[in-house]
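Please examine the sequence and the model shown below before reading on.

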Amino acid sequence: MTTTAMRVMGPEKVSRVKRSHGRGTCRRGDRSRVVFRQRQAGWARWRPGVERRREVAGCEGWRSLVCHATPSSTALGESSLFKKADISAEHFEDARNKENWDKLAQVLSSKLDIEVDSPRIQHYYLPVYMWIKAKMREHKEATSYSSSSEEAGPPLCVGLSAPQGCGKTTLVTAFEELFDSEGLTCVSMSLDDFYLTRREQVALAESHSENELLQVRGNAGTHDVDLAMSLIESVKSGTRTEIKVPCYDKTAFEGKGDRHEESKWRTYDASKVDVVLYEGWMQGFTSMGDDSKLGEVHSGIPEVNKYLDRYAEMWSLMDIWLIIQVKQLDCIYSWRLQAEKAMKQAFGEDKGMTDEEVKAFVDKYIPAYKAYLPDLYDADKHMDNLGCKSQDDVFMFEVDATRSPVE
């Protein structure tokens, strides 16, 4: 891989190995955690866990990932995410509930290499997962084609919105492992999977040559929304026997990227899909009817705003939403710098971006955050903007600079 390609990809894009229920040669793309392997960094084995301090000795970035917000002594059922998930301390008085909880915690501890009593497992990943499971039960009761378990309804579609670097990919990985351990099939896909082909991106850039936000992939307008909607709609309607999820190659064209050929897309048996996780940094961003002040944010945002109309149709296909709030945008810069420093420690100082290059990279996304996060974080607008039937269909919480839920 060329140095240029590695710079564009970033260290966080090393993919998780494909699952047994999904076929195809393309691995899950756009992973936002740093995953190093023995032959690359000399460690005993690869470690996706975010709470281990010893992966990158002396790296302040990794140390800052340890979950501090919820003390490990806090009882189950008492921290903020339990309350949002409607799980009380009494839930654990039932021995069966506690046994199942402990079993799931062991799954995450083993798969993610995190201590089983870690607050990240006990007070973050598992409460959110249990909320999704409760929503799956509600969804099944409301949409089953008949009372027969042989004719289950469509899978639950979950939209996950979170800024870059805040841990959404590790969260999705945790969900995948948990669903798999319970015999459920989860299809996870990213908005990044639906970037335009290289040819289409070049045409877009040329037709908007004055707009720097559309010169590279990332912002609204640089995705094949029709392809994404066609896939989601077919999953919900049951009109396909096979689901093929696109893969995007960020190393193609010296890091400018291109969509993989269809033979490398991930394939699933549509009849066995229980839940779809659809994540992205701008998931849920909704166009503003009055765009008169958007130019004050950035001269290119008004054009981006026009493309968002089509995205709103896609958001409405989600049944429930997870929204991870990051209210201090400076965190995005620092998280990206942490990832870059970790990569350079492992691969060499010449294999990553300088601090100035990292800032320039993140700068392309900041205008959209400033323009659209306020509405996304406004619970009163969720039903209109996200197409939710109820405010209870949105699980929204804030994380701090350590990527830990704010109490």
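Which residue just after α5 takes a positive phi? Asp113 does, with a phi of about 60 degrees. This is a predicted model, in which local features need pLDDT of at least 70 and side-chain atom pairs count only at pLDDT 80 or more, while totals for chains, interfaces and linings use all residues. Residues are numbered from 1 along each chain as its sequence is written, and side-chain values use heavy atoms, with hydrogens and water left out.

**Overall make-up**

Of its 407 residues, 56% count as buried, where buried means under 20% relative accessible area, exposed over 50% and partly exposed in between, for a 1.4 Å probe and protein chains only. Among contacts between residues at least 6 apart in sequence, 72% join residues at least 24 apart, a contact being heavy atoms within 4.5 Å.

**Helix α5 and its ends**

Helix α5 comprises residues 95–112, 18 residues in number, and reaches 26 Å from its first C-alpha to its last, close to the 26 Å expected at 1.5 Å a residue; the expected span is 1.5 Å times one less than the number of residues. The N-terminal end of α5 is capped by Asp94, a side-chain oxygen of which lies 2.8 Å from the backbone nitrogen of Arg96. Such a polar contact is a pair of N or O atoms within 3.5 Å; within protein, one must be able to donate a hydrogen and the other to accept it, and residues adjacent in sequence count only if both atoms are side-chain atoms.

Along α5, the buried residues are Trp101, Leu104, Ala105, Val107, Leu108, Ser109 and Leu112, and what covers them includes α4 (80–84), α6 (119–143) and α7 (168–181). Beyond the helix, Asp113 is placed in the loop between α5 and α6; Asp113 has its positive phi although it is not a glycine, and at 8% relative accessibility it counts as buried. A further residue other than glycine with a positive phi is Arg403, with a value near 65 degrees. Arg403 lies in the segment after β10 (394–398) and is buried at 12% relative accessibility.

**Aromatic pairs**

A search of the whole structure finds 19 aromatic pairs. Rings of Phe, Tyr and Trp (its six-membered ring) pair if their centres lie within 6.5 Å, and planes under 30 degrees apart count as stacked, over 60 as edge-to-face and the rest as tilted. Two of the pairs are set out here.

| Pair | Centre to centre | Angle between planes | Type |
|---|---|---|---|
| Trp315 and Trp321 | 6.0 Å | 80 degrees | edge-to-face |
| Phe395 and Phe397 | 5.7 Å | 80 degrees | edge-to-face |

Trp315 is buried, with a relative accessible area of 0%, and Trp321 likewise counts as buried at 0%. Phe395 is buried at 1%, and Phe397 at 3%. Elsewhere, Trp281, Phe285, Phe361, Tyr365, Tyr369 and Tyr372 form one aromatic cluster.

Thr286 is found in the loop between β8 (273–280) and α10 (294–297), where it counts as buried at 13% relative accessibility. A polar atom of the Thr286 side chain lies 3.1 Å from the backbone oxygen of Gly284. Leaving aside neighbours within four places in sequence, Thr286 is in contact with Leu308, Trp315, Tyr372 and Asn385.

Val275, in strand β8, is buried at 0% relative accessibility.

Terms used:
Helices (H or I, at least four residues) and strands (E, at least two) are DSSP runs, numbered from the N terminus.
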